Amino acid sequence: SSLEHLCFPLLLSQVMKLRKLAQQVANCRQCLERSTVLINQAEHILKENDHARFLQTARNVAERVAMATASSQVLIPDINFNDAFENFALDFSREKKLLEGLDYLTAPNPPSVREELCTASHDTITVHWISEDEFSVSSYELQYTIFTGQANFISLYNSMDSWMIVPNIKQNHYTVHGLQSGTRYIFLVKAINQAGSRNSEPARLKTNSQPFKLDPKMAHKKLKISNDGLQMEKDESSLKKSHTPERFSGTGCYGAAGNVFIDSGCHYWEVVVGSSTWYAIGVAYKSAPKNEWIGKNSSSWVFSRCNNNFVVRHNNKEMLVEVHPQMKRLGVLLDYDNNALSFYDPANSLHLHTFEVSFILPVCPTFTIWNKSLMILSGLPAPDFIDYPEQQECNCRPQESPYVSGMKACH
């Protein structure tokens with residue numbers, strides 16, 4: 001009986017408090033219904049096209065919203081749950097363990113471009129990279145732009161305005177097509193997941209030079225051009241070809257040209273001179289005369305050998321160059337964008353001479369021989385010793401003419 005006297009007030013208190021909570025729930029439902037009606041009316045008014053009717057109706061709804069807001073009550077229960085509802089306490093222990101065991105996702109570490117695995121052609125570059133967080137990366141983004149100098153790179157890196165972007169790459173390599181020949185690019189790789197992204201360090205990669213072959217239609221009729229278009233050889237018996245205006249037609253000097261005209265980029269090729277002792281190698285405008293040695297006019301620039309004399313020549317002005325007499329290969333670097341034509345001894349990593357030329361027209365690789373043969377190696381990447389010169393440049397000195405009277409046929 002005494003237990004009943006103790007429990008009855010407790011049960012009565014619970015019933016009273018539950019009634020209060022039920023009343024508060026009912027009030028909330030009424031407020032929600034009124035609010036829903038006001039929202040629907042407001043949405044309907046927003047579709048009204050008549051300005052006058054819109055203003056009149058909107059003012060009415062605004063007043064109702066103000067009244068509803070003023071009359072609303074903040075529903076904070078005034079009930080002490082500690083003694084009345086302790087049998088209904090929630091157990092959060094399982095959820096607490098789950099929260100403590102969560103593995104929070106973070107942005108992936110920056111990937112690294114593996115330059116030693118990257119490859120290039122004259123118009124493509126294949127970029128390879130690695131990532132320490134490969135399994136947490138959802139995709140990669142490749143960004144690239146032309147590199148024109150360190151100052152240019154700093155401004156580009158800060159702005160990112162002129163970068164090309166390849167998004168949503170799933171593998172750790174990508175081939176970019178349609179690039180300029182003989183051009184250096186900056187590449188960045190971004191690793192991305194739901195938490196964010198991070199960039200790799202910039203990598204500088206370059207496309208190869210424009211490949212070319214000898215054009216048989218322009219070759220002197222006494223030159224034999226190989227089937228692959230890479231070798232020219234003196235052939236006095238070759239009289240089957242007809243003479244046309246585009247052919248070289250010099251007497252005793254037999255010329256040929258590449259099948260490309262270059263008007264941008266940085267291009268490197270080599271010429272295997274072999275045992276030839278009379279040759280001229282360089283570039284020329286299309287307008288350069290075909291009936292004389294290249295370098296004898298203002299439209300061509302060459303490195304030339306006549307027996308034991310090595311010279312560079314332009315517009316009939318010559319400079320004697322000190323060269324190893326047994327040099328079997330000549331390297332040619334045409335940096336059209338920076339107005340430079342350079343010659344190298346690639347076997348000995350030596351710079352021979354550089355013409356500073358303000359090119360105004362496209363130029364064509366041009367070759368002339370007096371004896372023997374030449375072989376062309378085109379589409380090559382510039383050797384490292386050109387980008388990072390460690391050898392001392394050899395000396396050149398101007399000459400009125402380095403040739404003795406018995407060598408005038410070379411001219």
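What follows is a short chat about this model.

Reply: This is a predicted model, so to speak of it: local features need pLDDT of at least 70, side-chain atom pairs count only at pLDDT 80 or more, and totals for chains, interfaces and linings use all residues. Residues are numbered from 1 along each chain as its sequence is written, and side-chain values use heavy atoms, with hydrogens and water left out.

Me: What volume does the largest pocket have?

Reply: About 560 Å³. A pocket here is an open set of points on a 1 Å grid over the protein atoms alone, where a 1.4 Å probe fits, with protein on both sides within 12 Å along at least five of seven lines. The volume is the space filled by probe spheres set on the points, which are joined across faces, edges and corners.

Me: Which element gives the largest share of the lining?

Reply: E13, with 3 residues. Strands E13 (266–272), E18 (329–335) and E19 (340–345) and helix H6 (384–387) each supply at least two. Helices (H or I, at least four residues) and strands (E, at least two) are DSSP runs, numbered from the N terminus.

Me: And how do the lining residues divide?

Reply: Into 10 nonpolar, 12 polar and 5 charged. Asp, Glu, Lys and Arg count as charged, and Gly is among the polar ones.

Me: Switching to the core. Which residues have the most contacts inside the largest one?

Reply: Phe303 and Phe367, in a nonpolar core of 39 residues. Such a core is a set of buried Ala, Val, Leu, Ile, Met, Phe, Trp, Tyr and Cys residues joined through side-chain atoms within 4.5 Å. Strand E14 (residues 278–285) gives the most to this core, 4 residues.

Me: What does Phe303 touch?

Reply: Beyond four places in sequence, its contacts (heavy atoms within 4.5 Å) include Tyr279, Phe310, Met327 and Leu352.

Me: Now E4. How many of its residues are buried?

Reply: In strand E4 (residues 139–146), 7 of 8. Buried means under 20% relative accessible area with a 1.4 Å probe, protein chains only.

Me: What does E4 pair with?

Reply: Strand E7 (residues 184–193), antiparallel over 8 bridges, and strand E5 (residues 164–169), antiparallel over 4 bridges. Pairing takes at least two DSSP bridges. Gln143 stands opposite Leu188 in E7, and Tyr140 opposite Ile169 in E5.

Note on methods
1 Å grid on protein atoms, 1.4 Å probe; cavity = no way out; pocket = protein on both sides within 12 Å on 5 of 7 lines; lining within 4 Å. Buried < 20%, exposed > 50% of the residue type's maximum accessible area, 1.4 Å probe, protein only.
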